[in-house]
Amino acid sequence: SDETGKEAAAAAKAKGTSHFSKAEYADALAAYQEAASRDSTDHVFPSNICACYLELAKKEYEEAKKVDLNARAFLASQQCVKLNASWVKGHLRQATAEAELLAAVAAYEERKAQRKEPTDFDGKPWPVPDPSLQPAIDAASYASCEAACRAGLALEAGNAALRLRLQLLRDGGHVGEEKEAADRALVDAEAAAPLKAEGNKLFGEKKYTDAIEKYTAALSFNPFDHVFYSNRSACYAAQDDEGGYKNALRDADACLKISPTFVKGHSRRSTALFGLGRYADAEAAAAAGLEGDPESAALKELLAAAKVETAESPEVQAQMHNMRVERSKN
C-alpha cells in the first residue's frame, strides 16, 4: 500500500540522514535512493540525493568521475524541481549542481587539452564521462543556472544562498545587460549595508579573503553599488598574485562602469594593471583619474610608479614584471 511505501521511505530517509550527518555520503546516497524508490512523489528525496552526489564530487579528483557525479546531482535536482516547483531549496539545489557541473566540465576539457597521448599518466585509456549522462551534460548552461536562481528568488527574494550564486554568475560575466531591470528589482540596500561594514572591518584587519566574501555577499543584495566593487578590487589586489590582479581589474572596470567619475575606481584600475605588468595602461588609468581629481596623492604616486616602468623598453618592462611575480611567490 501507499502508506507502507511511505513508512519504508521515511525509515530509509532517516537512515540516510544519519549517514549524511557523519559524512558517510555513499551510504547516505544508497539510503536516499531506497527512499525515492519506495516513494517517488516526495521531492525531498531527490534533493537529498543531489546533496550526496555534490559531496561525493567534492572528494573526487579524477575529472571524468567528477563530471559524472555532478551530472547525477544535476539530474536529481531537476527531478526535485519537477516534483515541487514551489520549493525554494529545489531551485538552489539545481543552480548549485548546474554550476558545479559546468565547472567540472571546464576542468575536464582543460585537462584533456593538456594531455599529449590518448592515455592518462598511468598509460591507461583516457577516462571519459559516462555516455548515458551526456544529455544532462549538454543541457547544463549558465543561462539555465541563472534561470534556476531567479525562479528561486521569485519565491523568496531574500534567499542569501541564491543571491550569492547569482552574483557569482555576474562576476563570471554570465549575466547579460538585458537583465538589469530584473536585477534592479532585487536590490536590497538595507541588507547590503551591514555586509559592507563587516567587509570594511575585515579589510582593516588585512583578512582579505574573508573581506572578499563579505563584499561579494553585499553585492548579491546590491550589484549596483560601485563602492562594493571598488572595495573588493582593493582586497583582490592585496593578494598580490596574477589571479588577484585579474579579479581586481574586473572589479575596477565594474566599478567605473557604474560610476565613471569615481576617482578611487581609476586608482583601483591603475593598481590592478600595474600588478599585471601592463604599465602603459596603468599610467593611462592613473592619468584618467587625475583628470577628475588633480590633487589625489594616491593617483600621483601610481602615475609616477608607472612612468618609471614605461620609460624602459617593452623587453625591460616584461623582465621587471617577471621579477615582481617571482618576488611575490617567495
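A residue is called buried when its relative accessible area is under 20%, exposed when that area is over 50%, and partly exposed in between, with a 1.4 Å probe and protein chains only. The model shown here is predicted, so that local features need a pLDDT of at least 70 and side-chain atom pairs count only at pLDDT 80 or more, while totals for chains, interfaces and linings use all residues. Residues are numbered from 1 along each chain as its sequence is written, and side-chain values use heavy atoms, with hydrogens and water left out.

**Figure 1. The protein chain as a whole, with 17 helices and 0 strands.** Helices (H or I, at least four residues) and strands (E, at least two) are DSSP runs, numbered from the N terminus. The C-alpha trace spans about 80 × 55 × 35 Å along its principal axes, and 42% of the 330 residues count as buried. The chain exposes about 17,100 Å², of which carbon and sulfur atoms supply 53%; accessible areas come from the Shrake-Rupley method with a 1.4 Å probe, and for residues only the protein chains shown count as cover.

**Figure 2. Helix H2 against helix H3.** The axes of H2 (residues 25-38) and H3 (residues 44-59) come within 9 Å and cross at roughly 160 degrees, which makes H2 roughly antiparallel to H3. Axes are lines fitted to C-alpha atoms, for helices over the stretch in contact, and angles run from 0 to 180 degrees between N-to-C directions; those under 35 degrees count as roughly parallel, over 145 as roughly antiparallel, 65 to 115 as roughly perpendicular and the rest as oblique. The contact includes Tyr25, Leu29 and Tyr32 of H2 together with Phe45, Ile49 and Leu56 of H3. By class, this contact has 12 nonpolar, 2 polar and 2 charged residues, where Ala, Val, Leu, Ile, Met, Phe, Trp, Tyr, Cys and Pro count as nonpolar, Asp, Glu, Lys and Arg as charged, and the others, Gly among them, as polar.

**Figure 3. Helix H11 against helix H12.** H11 (residues 208-221) and H12 (residues 226-238) pack at an angle of about 160 degrees with their axes 9 Å apart, and H11 is therefore roughly antiparallel to H12. Among the residues that meet here are Tyr208, Ile212 and Leu219 in H11, and Phe228, Arg232 and Tyr236 in H12. The contact of H11 with H12 has, by class, 11 nonpolar, 2 polar and 1 charged residues.

**Figure 4. Serine 220 in helix H11.** Serine 220 counts as buried because its relative accessibility is 4%. Apart from its neighbours within four places in sequence, serine 220 is in contact with Arg163, Leu164, Gln167 and Arg170.

**Figure 5. Lysine 201 in helix H10 (residues 189-204).** With a relative accessibility of 54%, lysine 201 counts as exposed. Lysine 201 and alanine 211 are 10 residues apart in sequence, and their C-alpha atoms are 7.9 Å apart in space.

**Figure 6. Alanine 23, in the loop between helix H1 (2-21) and H2.** Most residues other than glycine have a negative phi. Alanine 23, although not a glycine, has a positive phi of about 65 degrees, and at 39% relative accessibility it counts as partly exposed.

Definitions and conventions. Contact = heavy atoms within 4.5 Å.
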